[in-house]
Amino acid sequence: MKDNPVRVLHVLGTTNLGGAESRVMELYRAINKERVQFDFLVHTDTQGHYDKEIQNLGGSIYHVPRFKGINYLAYRKALTDFFREHHDYVAVQGHMTSTASIYLPIAKQAGIPITIAHARSAGVDRAVKGLLTKILRRSLKKKADYCFTCSAKAAEAVYGKGWVQKGNVWTIPNAIDAKRFEYNIDTRKQIRSVLNVSDKFVVGHVGRFGFMKNHAYVLDVFGELCKKRADAVLILIGTGTLEEEMKAKAKAMGLEDKIQFLGNHSDVECYYQAFDYFVFPSFFEGFPGSVLEAQAAGLHCLVSDHVTREVALTELVSYRSIEEPAAVWANEIAANSEQHKTRESKSAQIIEKGFDVRQQAAKMEAFYISGKNPPGKKTEI
């Protein structure tokens with residue numbers, strides 16, 4: 001009789017489309033589920049985009065209330081009750097670091113051998129919510145058995161520079177299924193036809209409509225680009241709290257007929273094929289998987305200088321300051337706008353540099369089973 005797989009609990013905000021969620025799901029699909037299985041603890045009671053797939057893969061999804069500060073005692077009780085009943089995991093991996101200093105010690109006390117904090121963002125939300133996150137993270141580094149990060153910027157933001165310099169943080173590649181995003185001319189023609197942009201210069205962006213992604217600047221850059229290229233169109237993929245505000249801004253700019261808001265797409269790899277250029281002016285990021293995906297698809301990417309240089313795995317990535325006028329970004333895009341005609345996939349380079357999820361899955365599997373030798377490198381800043 002085969003041994004049952006070990007189980008790992010991943011703690012997230014939701015199971016909707018998002019950076020952390022997408023990376024965990026890529027890993028889940030690739031890992032040997034006869035040896036390692038994933039369950040999910042999420043901070044919502046609503047169904048998420050990935051719920052059905054998780055259940056089909058053999059995982060379970062559990063729910064706790066969203067932490068609001070004023071419900072601190074109720075939040076602790078919910079976590080304590082949960083881990084009292086569910087303590088047979090070999091590891092708990094907290095991707096939601098805002099409250100990991102609360103739930104990881106509770107998991108450890110319940111008898112779970114390995115607790116992991118995984119830093120995936122190099123910034124916090126604005127106002128009170130961001131301040132509370134910073135306060136709660138102060139003790140996190142000492143409350144986890146392992147401190148993981150996706151980049152040096154994220155490590156410093158979450159754990160502090162001193163903790164990183166002591167060699168206490170491991171950088172784990174934000175791996176993707178690189179071959180899934182390989183450039184495909186047939187897919188490109190099909191999607192461009194469906195979107196009615198076959199004869200257009202298509203600028204694309206993929207990301208949640210929230211503060212960090214800086215969509216207002218995306219629209220400003222596109223507005224300037226339209227002055228230089230009458231055939232320019234903008235494709236935005238994602239949803240979020242600021243989506244309606246951005247639609248209103250596009251209308252006020254007179255650009256609503258040149259911008260398509262497409263929402264979320266589980267087949268996002270198809271839309272990268274349709275783009276001619278990728279723009280990404282975020283205020284902060286950990287290690288943006290969408291920029292990695294865009295490179296795999298052979299897209300030239302213009303990225304905010306607030307984003308880690310670690311994501312530039314190919315020569316396709318250029319950086320500019322978001323303090324510069326939008327026209328400067330538009331000028332660079334226009335100057336390089338013909339490069340897409342000699343487009344080549346860069347998935348092989350991404351695989352060679354260790355950012356393919358199949359490579360990562362084998363290493364993570366060994367770590368989860370042994371509890372030793374994290375599959376990354378000591379973070380340096």
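Colleague: Where is the place of Asn214?

Modeller: Asn214 is in the loop between β8 (201-206) and α9 (215-226). Helices (H or I, at least four residues) and strands (E, at least two) are DSSP runs, numbered from the N terminus. This is a predicted model: local features need pLDDT of at least 70, side-chain atom pairs count only at pLDDT 80 or more, and totals for chains, interfaces and linings use all residues. Residues are numbered from 1 along each chain as its sequence is written, and side-chain values use heavy atoms, with hydrogens and water left out.

Colleague: What about the phi of Asn214?

Modeller: Positive, about 60°, although Asn214 is not a glycine.

Colleague: Is Asn214 buried or exposed?

Modeller: Buried, with a relative accessible area of 9%. Buried means under 20% relative accessible area, exposed over 50%, partly exposed in between (1.4 Å probe, protein chains only).

Colleague: And Asn373, buried or exposed?

Modeller: Asn373 is exposed, at 65% relative accessible area. Its phi is positive too, about 55°, and Asn373 is not a glycine. Asn373 lies in the loop between α15 (357-370) and β14 (377-378).

Colleague: New topic. Which strands does β1 pair with?

Modeller: β1 (residues 6-12) is joined to β2 (residues 36-42) by seven bridges, running parallel. β1 also pairs with β4 (residues 91-94), in the parallel sense over four bridges. Two strands pair if DSSP finds at least two bridges between them.

Colleague: What stands opposite His10 in β2?

Modeller: Phe40. In β4, the bridge partner of His10 is Gln93.

Colleague: How many residues of β1 are buried?

Modeller: Five of the seven, so the strand counts as mostly covered by the buried cut-off.

Colleague: What do β1, α1 and β2 make?

Modeller: A right-handed β-α-β unit, with α1 at residues 19-30. Right-handed here means that, with the strands pointing away from the viewer, the path from the first strand over the helix to the second runs clockwise.

Colleague: Helices next. At what angle do α3 and α4 cross?

Modeller: Roughly 30°, and the axes come within 9 Å. α3 is residues 72-85 and α4 is residues 100-109. Axes are lines fitted to C-alpha atoms, for helices over the stretch in contact, and angles run from 0 to 180 degrees between N-to-C directions.

Colleague: Which residues meet there?

Modeller: From α3, Tyr72, Tyr75, Arg76, Leu79, Thr80 and Phe83. From α4, Ile102, Tyr103, Ile106 and Ala107. By class, that contact has eight nonpolar, one polar and one charged residues. Ala, Val, Leu, Ile, Met, Phe, Trp, Tyr, Cys and Pro count as nonpolar, Asp, Glu, Lys and Arg as charged, and the others, Gly among them, as polar.

Colleague: What does Ile102 touch?

Modeller: Phe67, Tyr72, Tyr75, Arg76 and Leu136, not counting residues up to four places away in sequence. Contact means heavy atoms within 4.5 Å. Ile102 is buried, with a relative accessible area of 5%.

Colleague: Last one, the six-stranded sheet. What is the strand order?

Modeller: β10-β9-β8-β11-β12-β13, an open sheet with parallel pairing. The edge strands are β10 (259-261) and β13 (317-320). Neighbouring strands are turned by 20° against each other on average, direction ignored.

Colleague: Which strands does α9 touch?

Modeller: β8, β9 (232-237), β10 and β11. The direction of α9 makes about 165° with that of β9.
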